[in-house]
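Please look through the structure shown below before reading on, and keep the sequence beside it. The notes that follow are grouped by topic, so that each point can be checked against the picture.

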Amino acid sequence: MRINLTSVLVDDQAKALKFYTEVLGFVTKVDVPMGGEHRWLTVVSPQAPEGTQLLLEPMGFPPARVYQKALFDAGIPLTSFAVDDCQAEYARMSKLGVVFRGEPKKMGPVTAVSFEDTCGNLIMMVQG
């Protein structure tokens, strides 16, 4: 068994796609209209184009907004992404205007920092 798809809730798919591709560096894998304003929209890491897809999932289910806001307000990341050099990515992304919740911090065997994805989520960036 393996994970082939996971998702993040987003308040605006177009805004999310721009952030996840232009800022984080993911690439679009699937972009299929689902009727109305929503799309089946996934991105992948350019280092693993056949790897796990991240679904930029629109929040059409009202309790999802409550859940997302509760996590955000509590400072709890929805998910995490691995990087080779947390400090370098922090510097690069800071120049692009990404809002971080502090600076990269060593926590045992990993270095990590959380950032806002512009779509209502906190994401943890982890090295190690």
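Of the 128 residues of the protein chain, 35% count as buried, and it should be kept in mind that the model is a predicted one. The accessible surface of the protein chain comes to about 7700 Å², and carbon and sulfur atoms account for 57% of that surface.

**Overall build**

- Three helices and eight strands are found in the protein chain, and when they are read along the sequence they follow the pattern β-α-β-β-β-α-β-α-β-β-β.
- The protein chain has a radius of gyration of 15 Å, which is close to the 14 Å that the globule rule gives for 128 residues, and therefore the chain is as compact as a globular protein of that length.
- Taken along the principal axes, the box filled by the C-alpha atoms of the protein chain is roughly 45 × 35 × 35 Å.

- Strands S2 and S3 run antiparallel and are joined by six bridges; Val30, for example, has Thr42 in S3 as its bridge partner.
- Strands S2 and S3 also form a hairpin with five residues between them, and in the turn Gly35 has a positive phi of about 90 degrees.
- Strand S3 (residues 39-44) pairs with strand S4 (residues 53-58) in the antiparallel sense over two bridges, and Thr42 stands opposite Leu55 in S4.

- Thr118 is found in the loop between strand S7 (110-116) and strand S8 (122-127), and its phi is near 70 degrees, which is a positive value in a residue other than glycine.
- With a relative accessibility of 41%, Thr118 counts as partly exposed, because that class holds residues between the buried limit of under 20% and the exposed limit of over 50%.
- Met125 is found in strand S8 and has a relative accessible area of 2%, so Met125 is buried.
- When its neighbours within four places in sequence are left aside, Met125 is in contact with a set of residues that includes Phe81, Val83, Cys86, Tyr90, Met93, Phe100, Val113 and Phe115.
- Met125 and Pro104 are 21 residues apart in sequence, while from C-alpha to C-alpha they are 8.6 Å apart in space.

**Cysteines**

- Cys86, which is one of the residues in contact with Met125, has a relative accessible area of 0% and is therefore buried.
- Cys119 is buried, with a relative accessible area of 0%.
- How many disulfides does the count come to? The count comes to zero disulfides, where a disulfide would need a pair of cysteine sulfur atoms within 2.5 Å.

Methods. Residues numbered from 1 in each chain as written. Predicted model: local features only at pLDDT ≥ 70, side-chain atom pairs only at ≥ 80, totals over all residues. Heavy atoms only, no water. Pairing = 2+ DSSP bridges. Helix = DSSP H or I, 4+ residues; strand = E, 2+ residues; numbered from the N terminus. Buried < 20%, exposed > 50% of the residue type's maximum accessible area, 1.4 Å probe, protein only. Rg over C-alpha atoms; globule rule 2.2 N^0.38 Å. Areas by Shrake-Rupley, 256 points an atom, 1.4 Å probe, with all protein chains shown as cover. Contact = heavy atoms within 4.5 Å.
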